[in-house]
Protein chains: 2
Amino acid sequence: MAEEKRFVEEITPMDVDFARWYTDIVKKADLIEYSSVRGCCVVRPYAYALWENIQKTLDSMFKATGHENVYMPMFIPESLLQKEKDHVEGFAPEVAWVTMGGSEKLTERLCVRPTSETLFCDHYKNIIHSHRDLPKLYNQWCSVVRWEKTTRPFLRTMEFLWQEGHTAHATAEDAQAETERMLNVYADFCEKYLAIPVVKGRKTDKEKFAGAVATYTIESLMHDGKALQSGTSHNFGSGFAEAFGIQYTDKDNKLQYVHQTSWGMSTRIIGAIIMVHGDDSGLVLPPRIAPTQLMIIPIAMHKEGVVEKAEELKARLGEKFRVGLDLSDKNPGWKFSEYEMKGIPLRLEIGPKDIEKNSCVLVRRDTREKIFVSLDELEAKVAEVLEDIQNSLYNKALEHRESSTFTAETYEEFCDIIENKPGFVKAMWCGDEECENKIKEDTGATSRCMPFEQEVIGDNKCVCCGKEAKAMVYWGRAY
Amino acid sequence: MAEEKRFVEEITPMDVDFARWYTDIVKKADLIEYSSVRGCCVVRPYAYALWENIQKTLDSMFKATGHENVYMPMFIPESLLQKEKDHVEGFAPEVAWVTMGGSEKLTERLCVRPTSETLFCDHYKNIIHSHRDLPKLYNQWCSVVRWEKTTRPFLRTMEFLWQEGHTAHATAEDAQAETERMLNVYADFCEKYLAIPVVKGRKTDKEKFAGAVATYTIESLMHDGKALQSGTSHNFGSGFAEAFGIQYTDKDNKLQYVHQTSWGMSTRIIGAIIMVHGDDSGLVLPPRIAPTQLMIIPIAMHKEGVVEKAEELKARLGEKFRVGLDLSDKNPGWKFSEYEMKGIPLRLEIGPKDIEKNSCVLVRRDTREKIFVSLDELEAKVAEVLEDIQNSLYNKALEHRESSTFTAETYEEFCDIIENKPGFVKAMWCGDEECENKIKEDTGATSRCMPFEQEVIGDNKCVCCGKEAKAMVYWGRAY
């Protein structure tokens, strides 16, 4: 137990320094290794396996809603990037430029995609002609590059993995329906698979995507009370279509511009998983997304029959769950700590005494609760406990968010909450960007979203300027 | 039928112009669309679905052999690329250089990865310390960039999708075993899933990978008699480890260099599928890898019960096979051509007369054979026919390769075959690069590999210089 204790003590406790706790976990759970390339990380096998599970689930949700995957070039010629005015203004300052091919200087610079709207538009212009070609419901899994000054693993890196959906529709209504549909897919995914409750809403104009008519977002709350934008869905209207000339012939043989959307979720969401569920012993992974759901640790491995029994249980449980078995010569205490650090939802201990009693011990990662189970009912019990962990994690995160969500009627109250009570603040807003700017300058908080579920706080006056309010907004400091 | 005919006539027959036939298929089967970025293609949904099936199968074969996926940065700092001398010489002339980030000039140029040996080495140096850390069996799915002068869809593009395995081992023997194991995985995959027979062998020093001790290859033969390198597996020995300082402490507490391998397969293999199996009506896809294995086409859709029956069959067959159903208002002749172009292995026609007889018609893509089947035994028959198509495609390709593989004892004979009989030429070689150079200059043929299954042709003299031979080599013009 001494060794276990020492191992655990290597992490900075989250209440002492949340940022260091985060980077400690990222390193010690073998998620990330820093690389020789500034701002780029190596996504190690354990983190990549988590990403593969995220991909598999999201991808099947995309396909179930009629989307197809494609792959676009990673380069965008400068002239193409410049076609939509707001878009280029938003992205040009933060792109990496390829200027040489081999030993030759290029006649036109190519940027490494920061996002692929321009490439999809260029493609749609070529393949969309008639209303029969619509809708186009495309998605792409790839990496993108943004030249960030300061970076943090998963949360903000120069290169990151993501998916970007890009769709084209005949009507504005269809595009709006798609934008909302995909926001709901993201919200369902976060809540059902990642056990992360989210607030759904619309971004203010200040915070919307460069080139979008409207940006919708799901916002989640981290353990330290900061918000994280976890997925976004944009309605472009016909702005890109007009800039790129994407037109189709409608049923009355008239030329019309298409209406477009895009939506994305990235490896950032792994940062959210860490910061919503993790504790001072390391990661805590929701069972539905965990690369390994249950780890078997034999006790007194040298005793006759223990290894055989552990292997037998691995084979049995492996038919229904993602199961690991650690037969290394490290001691059980080390193994307990290691798999706690890695956030494996359930561990199964089996030793000579358990075998005698035809039973084993399950230990929950989230509550440390020990559960003694007869081997005869093992599968049913494991399924039940995993389900309970999944639900408990969600409920705990939801309670944390609810107890960290405040309302403010006056500016003084608002500033006090932001400063002293980490979390969301619900407050009314007049709709002016000036108030957003002032709030950001004074408090460091930004408007996270105008939630779909609107309500009136106090006397419906802007918390900043006191004018008549246009919307209730979730505010908070954010990653 | 007139419309069908016209549709088919749009492709250039392969005997008239194989290169145009190829690009016609690539466009008309909706595999590729050219992009605004020179030498980069859009991989369209149908081709991407094919790639997803390839990925799924290969990935499970990699995992079954103990490999884990990771993700490395896409950029390589110039100093890192330069660490291994042969490697940088091979790749530096054909890389894309990032020289600007936002509006700032970088102090060190970054190349977009043409392959990731240097990044994996840099990472291995950080995470390998003891013999207990070995082996490291990593793989990565990503895109890479090579600044090619002339490009062709799938076969040679500036950016392409691939997987690259990179492993580190304690001993030279382990590295050699891994190199051969992964070559065999590639060969099995090609033969069992893609129905493409391959020749396994070793590359000559002239043709090996920049930085490798030995490169192994699987070579396949296209319909036009040209060879295509379909997958490679490299043994690096300890060369990279010495250049990067990747050492571990062995069981006797001594420092040792690791031994490394890498191996890759790319979207090039889609070019092979097209050129091995395709015909003048378009693509022909092997059932095990086809995105859609069977397409249902209702006949006389306006007649009562036809659409319902077609939908019922889709639901039934969909439980066991990848099934499509075309309910569009295009006529059946158009649909027949369309799905022949797309190479769907089997089509199912169902009309009022079939329904009356409780039967339907299956039509094989490869032979056009019509098979009348009772609906009572549909699943069994479809499974049987798909299996037969898979085997027939393999056997046909094997027969083509065998009848296109020649032996040459004299140089005159050799040159005559290369010029007049497209295919492989088996001939003896003295081991000198000079003879390889002369053969290439005189005939355009290159050494494809020294096959594992060696034999002696004629009197064991080099076909070029007449000196004592060291190996039998497969020669041929290649993509």
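Predicted model: local features only at pLDDT ≥ 70, side-chain atom pairs only at ≥ 80, totals over all residues.
Me: What rotation superposes chain A on chain B?

Reply: A rotation of 180 degrees, with 0.0 Å of shift along its axis, superposes chain A on chain B at an RMSD of 0.0 Å. Residues are numbered from 1 along each chain as its sequence is written, chains are lettered from A and ligands numbered from 1 in the order in which they are written, and side-chain values use heavy atoms, with hydrogens and water left out.

Me: Why are the two copies said to be related as by a two-fold rotation axis?

Reply: The rotation is 180 degrees and the shift is 0.0 Å, so the two copies are related as by a two-fold rotation axis. In chain A, the C-alpha nearest that axis belongs to A:Val98, 2.1 Å from it.

Me: How do you know that the copies meet through the same surface?

Reply: Of the interface residues of chain A, 100% are also interface residues in chain B, so the surface is the same. Contact (heavy atoms within 4.5 Å) links 55 residues of chain A with 55 residues of chain B.

Me: What is the area buried between chain A and chain B?

Reply: About 4,400 Å², of which carbon and sulfur atoms give 61%. Buried area is the accessible area (1.4 Å probe) that two parts lose on being put together, summed over both. A:Pro45, A:Tyr71 and A:Met74 supply 14% of what chain A buries against chain B, more than any other three residues.

Me: What makes A:Asp329 and B:Arg132 a salt bridge?

Reply: The rule asks for a side-chain nitrogen of Lys or Arg within 4 Å of a carboxyl oxygen of Asp or Glu. The closest N and O atoms of A:Asp329 and B:Arg132 are 2.8 Å apart, and the pair forms a salt bridge. Between chain A and chain B the count is 4 salt bridges.

Me: Why is A:Asp59 called buried?

Reply: Buried means under 20% relative accessible area, exposed over 50%, and partly exposed in between (1.4 Å probe, protein chains only). A:Asp59 has 12%, so A:Asp59 is buried. Leaving out residues up to four places away in sequence, A:Asp59 touches A:Asn69, A:Asn139, A:Trp141 and B:Glu52.

Me: Why is B:Asp122 also counted as buried?

Reply: The relative accessibility of B:Asp122 is 6%, so B:Asp122 counts as buried. Beyond its neighbours within four places in sequence, B:Asp122 is in contact with A:Ser36, B:Leu80 and B:Phe244.

Me: Are B:Cys40 and B:Cys449 buried or exposed?

Reply: B:Cys40 is buried, with a relative accessible area of 3%. B:Cys449 is buried at 1%.

Note on methods:
Least-squares fit on C-alpha atoms with pLDDT ≥ 70 in both.
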